[in-house]
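Biologist: Please take me through this model, and tie each term to its cut-off.

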Amino acid sequence: MKINQQKCVGCGNCVPVCPMGAIYVDQSTTRATINDDACVECGACFRGMSTENLNPTMVRTVRKVAKFLRFRFEPEPDVCPTSAFEMHDLEMPRLIRQIFSDPVVEHKSTGIKGRGTEEVKTNDVNPRVGAGEVGYTIEFGRPGVGVRFFEIQNMTRELARNGITFEKKNPITHLMTNTSTGDLREDILQEKILSAIVEIKTEITRVEEVLRIVHDVNDKIDTVTAVGISTRCDENGEDKILDPLLEELGFVHVRAKTNMGLGRVTNQIELKKIEEINI
Ligand code: SF4
Ligand code: SF4
């Protein structure tokens with residue numbers, strides 16, 4: 001993302017819009033600037049702000065006169081008066097920031113936008129987690145912190161070292177050069193993204209071990225980690241195994257989502273695969 005310095009009038013409206021705190025008004029130039037290293041190419045500034053297309057010279061003059069007269073003018077807080085934001089075509093490895101952070105960009109590996117995974121939200125039509133199994137989503141970077149791929153790799157390497165395998169329909173798995181070591185592509189390791197999800201599953205007997213691994217790695221990386229954990233309910237919709245186990249381990253948890261078995265496949269890539277199987 002770029003801010004056209006010829007157009008920007010330094011009003012500062014865009015500063016609070018950025019979830020990564022990457023935009024600041026440079027006091028030496030009195031223009032808004034983006035810290036490229038902190039920007040995750042999410043597009044919130046470009047799409048989230050209204051634009052007015054006003055003439056920058058005219059706006060600067062009005063602002064100077066208002067300042068001279070000590071006339072306080074409160075513009076609409078979500079408007080870039082001169083449409084100064086410009087979105088450019090990106091190339092790898094920087095492109096990976098946009099793929100993971102911009103909610104309107106689709107992951108080619110899974111056909112899904114955003115973080116690129118349906119997680120276990122579609123478990124009723126795409127049974128990732130079977131009876132006696134536990135599925136985990138390990139989410140990095142939310143809210144408002146972001147994550148670099150080398151931090152994600154710390155987690156995937158440690159999980160792999162303990163013999164844990166990764167969900168195939170997940171964009172992080174697609175970025176691995178070696179799924180048995182959890183190594184990610186070398187060229188993206190320093191890239192920063194808004195958030196990402198690593199997905200794994202194990203037998204229910206390994207829950208304590210997995211949560212301990214995640215906890216230990218989380219202490220060593222500079223981001224936020226959140227764990228979602230799921231299993232299959234019994235015929236009465238109850239979970240008499242995982243719930244008590246989590247309580248025994250001292251976790252306070254709430255049931256966030258329940259799949260009722262009423263879902264249908266809407267992911268075009270999955271639909272194509274099913275059609276091919278049925279031919
Ligand atoms: S809102 Fe637009 S004009 Fe105002 S500081 Fe940001 S980029 Fe510049
Ligand atoms: S693209 Fe996103 S991260 Fe980058 S400056 Fe805009 S709002 Fe901030």
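Modeller: The largest nonpolar core has 45 residues, and C45, I152, A196 and V198 touch the most other members. Two or more residues each come from helix 1 (44-48), helix 3 (95-101), strand 9 (133-140), helix 4, strand 14 (196-203) and helix 6 (207-218). Helix 4 gives the largest share, five residues. This is a predicted model, in which local features need pLDDT of at least 70, side-chain atom pairs count only at pLDDT 80 or more, and totals for chains, interfaces and linings use all residues. Residues are numbered from 1 along each chain as its sequence is written, and chains are lettered from A and ligands numbered from 1 in the order in which they are written.

Biologist: What makes a set of residues a nonpolar core?

Modeller: Its members are buried Ala, Val, Leu, Ile, Met, Phe, Trp, Tyr and Cys residues joined through C-beta atoms within 7 Å. Buried means that 20 or more other C-beta atoms lie within 10 Å of the residue's own, exposed means 12 or fewer, and partly exposed is in between, with C-beta atoms placed from the backbone. By that cut-off, 29% of the 279 residues in the protein chain are buried.

Biologist: Why is D78 called exposed?

Modeller: D78 has 12 other C-beta atoms within 10 Å, so it is exposed. D78 sits in the loop between helix 2 (56-68) and strand 5 (79-80). Helices (H or I, at least four residues) and strands (E, at least two) are DSSP runs, numbered from the N terminus.

Biologist: Which residues is D78 in contact with, leaving aside neighbours within four places in sequence?

Modeller: They are N13, M49 and S50, a contact being two C-beta atoms, placed from the backbone, within 7 Å. For the protein chain, 73% of the contacts with a separation of 6 or more join residues 24 or more positions apart.

Biologist: How do you know that helix 4 is close to its expected span?

Modeller: The expected span is 1.5 Å times one less than the number of residues. Helix 4 (residues 149-161) has 13 residues and reaches 18 Å from its first C-alpha to its last, against an expected 18 Å. Its buried residues are F149, E151, I152, Q153, M155, T156, L159 and A160. G163, which follows helix 4, has a positive phi near 80 degrees.

Biologist: What divides the protein chain into domains?

Modeller: The bounds come from an automatic or database domain assignment, giving domain 1 (2-86) and domain 2 (105-278). Their C-alpha centres lie 38 Å apart. Four residues from domain 1 and five residues from domain 2 form the contact.
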